[in-house]
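Please open the model in the viewer and keep the selection panel at hand.

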Amino acid sequence: MEDAFVFAVLTANATVRVATPLILCAMAGLFSERSGIIDIGLEGKMLGAAFIAASVAAVTGSVWLALAAGVALAVCLALLHGFACITHNGNHVVSGVAINILVSGLTVVLGIAWFQRGGQTPGVGPEARFMPLELPLASALADVPLLGTLYSGFLSGHNLLVYTAFFAVFATWWVIYRTRFGLRLRAVGENPHAVDTAGISVAWLRYRAVMICGLLTGIAGTYLAIAQNAGFVRDMSAGQGYIALAAMIFGKWRPVPALGACLMFGLLDAVAIRLQGVVVPGLGEVPVQLIQALPYILTVVLLAGFIGKAVAPKAIGVPYVKEA
Amino acid sequence: MKSVSTLLASAILLTVSTAVSAADLKPAVVFDMGGKFDKSFNQGVNDGVMKFNKETGLKYREFEITNPTQREQAIRKMAQRGSDIILGVGFAQSSAIEKVAKEFPNTKFAIIDGYVVAPNVQSLLFKEHEGSFLVGMLAAMASKSGKVGFIGGMDIPLIRRFACGYEKGAKHVSSKIGVIQNMTGTTPAAWSDPGRGAELTRGQFDQGVDVVYAAAGYTGVGVYQAAKDAGKLAIGVDSNQNYLHPGTMLTSMLKRVDVAAYTTFMEAKNGTWKAGIKVFGLKEGGIDWALDEHNQDLISGDMKAKIEAAKSAIIAGEIKVHDYMSDKSCK
């Protein structure tokens, strides 16, 4: 019993570690898409932020400068996307894909030019990384059965950005559903004409949405580079931006269900890692290939049967042109 | 009669090739996924060709593969541009080398970790199981929990050979020792995914492992980082990786791809190059374990003595290390 509980806590920890960048990106995409801007460029923004954060951390040794630089670059890329899609009514998907491709190449080129390590950044030490934080009394309570294990083993011991990700979900929910800005944001994604008629600038609202999107992807990229890992590697985002996008659609463009979807992806990954090479009673050793396909198989099954229809914001991807 | 003519033909071929190498040799190397700065397998080759360049002053062409479709193109391009010897790095380049070698019968080819039968190809193979056996023994001796871990890169027979040798080595010390194995993936991307490597390692630590051995290219960097973060021990592979995290790097299984790369270029330069198979094991000095100033505090005199004894026993043939590739199983 105790063993199973410890196993559950450890799996939950792994889930949270894997899900953190997904959660941040899903919330980022949610802001953008709720305002009517399709954001397939989450991947690129996260990767760019990871590169800059790792570079700054390696050069200055400061996590805060690294975080600031990562966020700043992601916001710039988001503004670029906004400039193409909002100001010039460009195609959202094309712009997003362009950003992904641009960043994937540019990070490697700059990495080679700056550090001469084949596109990697130098590894950074613990002082320039977000290290696990211990919540108050965690070690003192560790021996208390169940609750103590839960507190010291699961709630405590993550790094700051993990806590930030969960806070971001709450903040997103609050901003979207409980503020005037959120109401307008939702409205501009459904019916921009109505918003315009009410005398509110559609473009400014959407720009603010993509900037928030940039902020959150910047944090996600920083997490990848200097919290989860200790440096930048070519294409280290490894498609997580797309998975986050899928999770957000899974969650029907709502913060809490999107969080659930991210955690599900994280859990599947964590379980897949732990199931490798384990002998399952009755089945024998499960092949690596099957284990690794499991998250995708489950995704298809869930999408086909359990989620139901996901309806996007009505005005998503449609450029807003004021009627003359 | 037939054998005489083949002999004659090969003699002519030999004179032609020596004539070529008398002029400035133009060697080329095609690195594989992971890149020449993977701190491990590709980087070992890079060290070897750089040494060749330093000693001979001869320049070499190089290319780093970033996706699998580039292998054949890159190798063919090197051949078209008149390279005299082309070194392919890694088993995955075997089929590309085999194909291009047929198209350019006068060009020399060498392949590390691959086995290609052709009159102009040298296959450079290693007995990874022997070195993995030694570091498996070390892992078992250093482990306090009685559980040791293995993280492989791509799930292929070659990596299973590392895993099998490691397991046999650990069990050689104590039959009760537990060995947990994980593979990072089933595609070449598994060679360059440190994030996943770190996550797999944490998973193994959660299951009680306290020494982990990675044979996973650049993915290993994540494994060593995770071990350092958790204060547990890790074992490097291919290149000597002890320096990465002194204090938590128990040792490294040396696969002297640098020696292989250097030797094949040198032979081509000196005209002694021959097609066929070259096997590097403990006996040939192509496989070894690393002991230096970064890990000497972790290796006790007793451990060192036992490993050296096992090493001599393997060389003398008294210990036979099972080779996974021989029967595709690790019984």
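Select the boundary between the two chains: 24 residues of chain B are in contact with 19 residues of chain A, two residues being in contact if their C-beta atoms, placed from the backbone, lie within 7 Å. On the side of chain B that touches chain A, β7 (178-185), α7 (194-206) and α8 (219-230) each supply at least two residues, and α7(B) gives the most, with eight. Helices (H or I, at least four residues) and strands (E, at least two) are DSSP runs, numbered from the N terminus.

This is a predicted model, in which local features need pLDDT of at least 70 and side-chain atom pairs count only at pLDDT 80 or more, while totals for chains, interfaces and linings use all residues. Residues are numbered from 1 along each chain as its sequence is written, and chains are lettered from A and ligands numbered from 1 in the order in which they are written.

Next, select chain B by domain. The assignment, automatic or from a database, gives domain 1 (2-126 + 258-280) and domain 2 (128-255 + 300-327). Their centres, taken over C-alpha atoms, are 29 Å apart. At their boundary, 13 residues of domain 1 of chain B are in contact with 16 residues of domain 2 of chain B. Helix α2 (residues 41-56) of chain B gives the most to the domain 1 side, with three residues.

Finally, select chain A, which has 13 helices and two strands. Its C-alpha atoms fill a box of roughly 70 × 50 × 40 Å, taken along the principal axes.
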